[in-house]
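These are my notebook entries on a single protein chain. I set down what I looked up, in the order in which I looked.

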Amino acid sequence: MTSVEFLGESASLARPPAFNGAAYMYWKERMLIFLEACSLDILEAVIDGPYVPTIAGTGDSSIPKPRSDWVSNCKTAKEIWDTLQQTHEGTTDVKRTRINTLIHEYELFNMKKGESVNDMQTRFTHIVSNLNALGKVIDNE
């Protein structure tokens, strides 16, 4: 995966980060930052629910906002968030297994033969970032 494919488009407060099905952990962190920058109320609605997205109707009324097919069974922003999280992070058992695998990689980390320092740092940053995204914080020490 090249760095252009991984990073996608540049950051913007005017539109949320696009999700293309790859690099979910990276997208999730960017989306949380975007939602928090927009409003803590929006972030809380997505994380805690319930919130049914609506669009303005006639007068003071509002109508439910149409949903895309891939989240058509979700009725709230929280359900959409949970569906994405479950799909790309997996269950608690899967998450625990991923954390254990990444910790194993972290503990046995060393430079591979023929690997540049830049590639090694990228690989190390990837391991630490994924651990952080899964809730396992690695101290700088």
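I began with threonine 76, which I found in the loop between β2 (62-64) and α4; helices here are DSSP runs of H or I with at least four residues, strands are runs of E with at least two, and both are numbered from the N terminus. Threonine 76 counts as buried because its relative accessibility is 11%, where buried means under 20% relative accessible area, exposed over 50% and partly exposed in between, with a 1.4 Å probe and protein chains only. I then traced its side chain to the backbone nitrogen of glutamate 79, which it reaches at 3.1 Å. I took a polar contact as a pair of N or O atoms within 3.5 Å, in which, within protein, one must be able to donate a hydrogen and the other to accept it; residues adjacent in sequence count only if both atoms are side-chain atoms.

I note that the model is predicted, so that local features need pLDDT of at least 70 and side-chain atom pairs count only at pLDDT 80 or more, whereas totals for chains, interfaces and linings use all residues. Residues are numbered from 1 along each chain as its sequence is written, and side-chain values use heavy atoms, with hydrogens and water left out.

**Entry: serine 116.** I looked next at the loop between α5 and α6, where serine 116 lies. Serine 116 is partly exposed, its relative accessible area being 33%. A polar atom of its side chain lies 3.1 Å from the backbone nitrogen of aspartate 119.

**Entry: the chain as a whole.** I recorded six helices and two strands in the protein chain, in the order α-α-α-β-β-α-α-α from the N terminus on. Of its 141 residues, 21% are buried. I noted an accessible surface of about 10100 Å², with 56% belonging to carbon and sulfur atoms; the areas come from the Shrake-Rupley method with a 1.4 Å probe, and for residues only the protein chains shown count as cover. Among contacts between residues at least 6 apart in sequence, 42% join residues at least 24 apart, a contact being heavy atoms within 4.5 Å.

**Entry: helix α2.** I checked the span of α2 against 1.5 Å a residue: its 15 residues should span 21 Å, and the end C-alpha atoms are 21 Å apart, which agrees. The expected span is 1.5 Å times one less than the number of residues. I listed the buried residues of α2 as Tyr24, Met25, Trp27, Lys28, Arg30, Met31, Phe34 and Leu35. Cysteine 38 is also found in helix α2, but it is partly exposed, with a relative accessible area of 39%. The C-alpha atoms of cysteine 38 and proline 16 are 9.7 Å apart, although 22 residues separate the two in sequence.

**Entry: aromatic pairs.** Rings of Phe, Tyr and Trp (its six-membered ring) pair if their centres lie within 6.5 Å; planes under 30 degrees apart count as stacked, over 60 as edge-to-face and the rest as tilted. Tyrosine 24 and tryptophan 27 both lie in α2 (24-38), three residues apart, about one turn of the helix. An α-helix has 3.6 residues a turn, so residues three or four places apart point the same way. With Trp81, Tyr24 and Trp27 form one aromatic cluster.

**Entry: tryptophan 27 and proline 17.** Not counting residues up to four places away in sequence, I found that tryptophan 27 touches Pro17, Ala18, Phe19, Trp81 and Leu84. Proline 17 is found in the loop between α1 (3-7) and α2, and counts as buried at 9% relative accessibility.

**Entry: the largest nonpolar core.** A nonpolar core is a set of buried Ala, Val, Leu, Ile, Met, Phe, Trp, Tyr and Cys residues joined through side-chain atoms within 4.5 Å. Which of the 19 residues in the largest one touch the most other members? I found them to be Trp27, Met31, Leu35 and Leu131. Helices α2, α3 (40-48), α4 (77-89), α5 and α6 each supply at least two residues of this core, and the largest share, six residues, comes from α2.

**Entry: helix α6.** After α6 comes glycine 135, with a positive phi near 95°.
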